[in-house]
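Subject: Structure for you to look over

Dear colleague,

I am handing over the structure we spoke of, and my notes on what was found follow directly below. Please read them with the model open beside you.

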Amino acid sequence: MRRLVLLLVLACALLTGVRDAGALTLGVSDDSGKYSRDGGESFFASLRAVGGTENAIVVWWDAKHPTTNPEQALLDAAVAHAQLAGVRVVIDVYLRHAKDYATNPRAPAQYAAFLQQLARRYPGVRDFIVGNEPNQPRFWQPQFGPGGKQLSPAAYVSSLAAGYDALKAVNPAIRVLGFALSERGNDNPTARSNVSISPLRFIAAAGTAYRASGRAKPLMDAFAFHPYPRNALDPLARGLAWPNAGAHNLDRIKQAVWDAFNGTAQPTFEQGLQLAITEVGWQVGIPSSSIAAYTGQENVTTTDEKTQAAIYGDLVRE
């Protein structure tokens with residue numbers, strides 16, 4: 001994929017979150033600021049110029065080096081420039097290796113300690129996404145065990161609980177965003193590729209694990225979701241087939257969360273849980289006037305800028 005295409009998609013409207021009832025914030029999930037030569041100064045100025053107020057920045061956690069952030073200096077600069085520009089930073093902490101939890105019994109506690117380390121280093125950052133797409137094998141393995149038993153939902157719930165407690169111990173005002181699920185999964189433990197769990201079934205299994213744990217505290221303050229389309233030619237209203245869910249199917253997500261957590265210590269959306277669309281995008285083609293700035297090939301069929309802009313406007317109103 002041409003790298004700048006991704007930046008164009010993200011810069012349009014990627015991070016949308018409901019922080020308070022009726023309040024909508026817009027921004028991007030993009031590491032361009034972190035990797036820029038000026039520490040993100042120009043990137044964050046551009047983001048503010050188009051009305052963006054949030055930037056989700058990825059931080060990788062490596063179980064082999066559980067206390068080390070090799071991009072520390074880059075993150076330091078990006079967070080500082082973002083705050084000077086009035087951009088709210090969301091730190092999104094990924095697992096470096098999908099099998100980190102399965103191969104290291106100390107991983108949950110070490111990951112939680114790393115979250116605390118970040119929260120203490122950046123006291124002005126009040127938003128942390130705990131994990132990324134745990135229903136996808138790219139980010140979490142194993143998804144299933146013997147006999148096709150779902151494993152990732154319960155393992156992720158344990159991780160999220162530990163992360164929530166660790167962050168709240170540093171500052172109760174930190175907003176913990178959980179799940180960050182992919183919009184789709186095949187629910188097939190014997191699939192030839194992409195052995196994954198659909199979001200609705202993942203939420204149901206996570207709720208079962210949470211109830212069985214006896215936990216008397218919440219897991220999260222906001223539910224994060226990635227409702228990408230099937231392809232960039234799909235209109236917003238097309239959505240995805242159940243038990244998957246696209247941007248037009250957020251009612252399914254709300255119902256699934258209610259079914260999973262109603263009556264427990266974890267609030268549902270009706271009880272104050274916030275919704276954060278932390279990744280979404282319709283990939284756009286390159287104008288002929290700019291083609292010289294790009295290399296490589298597109299990885300999907302693209303749409304045009306006018307259609308992309310119209311979809312993003314509809315998405316905000318959705």
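The salt bridges come to 13, a salt bridge being a side-chain nitrogen of Lys or Arg within 4 Å of a carboxyl oxygen of Asp or Glu. Please bear in mind that this is a predicted model, in which local features need pLDDT of at least 70 and side-chain atom pairs count only at pLDDT 80 or more, while totals for chains, interfaces and linings use all residues. Residues are numbered from 1 along each chain as its sequence is written, and side-chain values use heavy atoms, with hydrogens and water left out.

One of the salt bridges joins D127 and R88, with N and O 2.4 Å apart. This pair links distant parts of the chain, since D127 belongs to strand β5 (residues 127-130) and R88 to strand β4, 39 residues apart; helices (H or I, at least four residues) and strands (E, at least two) are DSSP runs, numbered from the N terminus. D127 is buried, with a relative accessible area of 0%, whereas R88 is partly exposed at 33%; here buried means under 20% relative accessible area, exposed over 50%, and partly exposed in between, with a 1.4 Å probe and protein chains only.

Another salt bridge is formed by R184 and E183, whose closest N and O atoms are 2.6 Å apart. In this pair R184 is partly exposed, with a relative accessible area of 26%, and E183 is buried, with 7%.

D187 and R201 also meet through their side chains in a salt bridge, at 3.0 Å from N to O. D187 lies in the loop between β6 (175-182) and α8 (199-213) and R201 in helix α8, so the pair ties together parts that are 14 residues apart in sequence. R201 is partly exposed, its relative accessible area being 36%.

Strand β2 (residues 24-29) runs parallel to β3 and is joined to it by three bridges, where two strands pair if DSSP finds at least two bridges between them. G27 has E54 in β3 as its bridge partner. β3 also pairs with strand β4 (residues 88-95), in the parallel sense and over eight bridges, and W61 stands opposite L95 in β4.

A further residue to look at is D38, which is found in the loop between α2 (32-35) and α3 (41-49) and is partly exposed, with a relative accessible area of 31%. D38 and A78 are 40 residues apart in sequence, yet their C-alpha atoms are 9.0 Å apart in space.

With kind regards
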